[in-house]
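The following note concerns the model under review.

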Amino acid sequence: MREEEPLVSVIIPTFNRPKELGELIDSLTGVNVYRNIEIIIVDNDTRGVDYTPLIDKIEEEGMRPRLLVNHEECALSKSRNMGIKEAKGDLFFFIDDDNVVTGTTILSLVRAFKREEKAGIISPVAFYYDRRDRVLDAGAARNYHNSFTVNLFLNRKRGEIPEGALEVSEVSNAFMVAAEVIRKIGIFDEANFPIDLDEADLCIRAKKAGFKIYSLFGADIFHRVEKINTLSFSSLRFRRVENAYNMGRNRIIFQRKHSNSISYIVYLLLYFPLFFHLYLLSQLLPQPGYNAKQRISFIAGFIEGVRDGLFCGPKIIKGGDYA
């Protein structure tokens with residue numbers, strides 16, 4: 001391993017998915033060709049799982065393992081922040097436990113940081129785990145006035161996407177961040193965005209600090225997730241009341257935090273009603289696996305989140321700064 005190759009801290013939040021986590025670790029220690037990494041597993045109170053075999057496997061491959069354990073289930077942004085505080089790397093690679101990497105995923109991302117102008121955050125392109133020629137996530141374009149996003153190249157075939165790095169508004173699920181970015185803008189805002197829009201908040205703060213956000217075509221991962229229909233409401237549906245609550249709350253908090261007063265008022269008057277009714281409509285449509293009672297609970301959680309977003313406002317810490 002050449003000395004000039006930066007250390008990459010791979011930070012993996014996990015909860016109750018030992019099989020999926022094991023396959024991710026297998027890909028990092030097996031097919032992955034970039035070896036100057038440390039692997040930080042942040043467990044959120046999973047019960048009855050012995051991590052010893054995984055830790056041993058990481059050590060046998062000459063990588064540096066670390067296991068952090070929460071004794072209560074924590075939100076994603078808090079878990080990532082725990083990993084950041086323990087990380088020693090020049091680059092932080094955040095990846096959810098239901099992904100696998102290819103041989104050159106990390107290597108391609110590292111090289112892109114050396115090549116791309118003012119790179120602060122770079123994401124691989126995610127393909128479906130069981131449909132590996134179809135794009136799931138290639139970054140997103142966000143309209144900062146109305147807060148609506150477009151998932152770029154969703155469901156496009158591999159041969160239909162461009163090559164190289166594409167500047168985007170934000171990324172999610174798996175992405176590499178320069179340690180310099182964290183030193184300059186701080187960690188994830190777990191106070192305001194425990195889940196949902198935590199990545200978007202980090203990205204917009206990085207952009208305001210002068211960094212660029214890229215999606216890197218040619219750096220691939222495979223993500224276990226159900227197919228998202230491009231022209232349907234499937235991507236708007238909730239799976240837990242907590243997600244419904246945070247989607248209602250966080251969209252409003254995000255706009256208030258990152259807009260001036262006039263833009264925020266315009267958002268509330270013109271765009272928020274559309275957002276509100278669109279998400280309510282998504283819950284009224286049939287959803288495989290969810291009965292009417294569950295959907296009603298999602299609607300109640302969503303409305304409660306909207307109420308808190310409108311009347312509670314963002315939390316301010318650290319002498320007046322946002323987290």
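How many aromatic pairs does the count come to?

1. The model is a predicted one. Within it, the count comes to 14 aromatic pairs. In one of these, the ring centres of Phe94 and Phe188 lie 5.3 Å apart and the planes meet at 90 degrees; because pairs with planes over 60 degrees apart count as edge-to-face, this pair is edge-to-face.

2. Phe94 belongs to strand β4, whereas Phe188 is in the loop between α5 (179-185) and α6 (198-208), so the contact ties together parts separated by 94 residues in sequence. Phe94 and Phe188 are both buried.

3. One aromatic cluster is formed by Tyr267, Phe272, Phe275, Phe276, Tyr279 and Phe302.

4. The charged end of Arg158 is placed over the ring of Phe127, at 4.0 Å from its centre. Over the ring of Tyr129 sits the charged end of Arg224, 4.1 Å from the ring centre.

5. Strand β4 (residues 91-95) also pairs with β11, in the antiparallel sense and over five bridges. Val177 in β11 is the bridge partner of Phe92. Strand β6 (residues 119-128) likewise pairs with β11 in the antiparallel sense, over two bridges, and Ile122 stands opposite Met176 of β11.

Key:
Residues numbered from 1 in each chain as written. Predicted model: local features only at pLDDT ≥ 70, side-chain atom pairs only at ≥ 80, totals over all residues. Heavy atoms only, no water. Pairing = 2+ DSSP bridges. Helix = DSSP H or I, 4+ residues; strand = E, 2+ residues; numbered from the N terminus. Phe/Tyr/Trp six-rings, centres within 6.5 Å; stacked < 30°, edge-to-face > 60°. Buried < 20%, exposed > 50% of the residue type's maximum accessible area, 1.4 Å probe, protein only. Lys NZ or Arg CZ within 6 Å of the ring centre and 35° of its normal.
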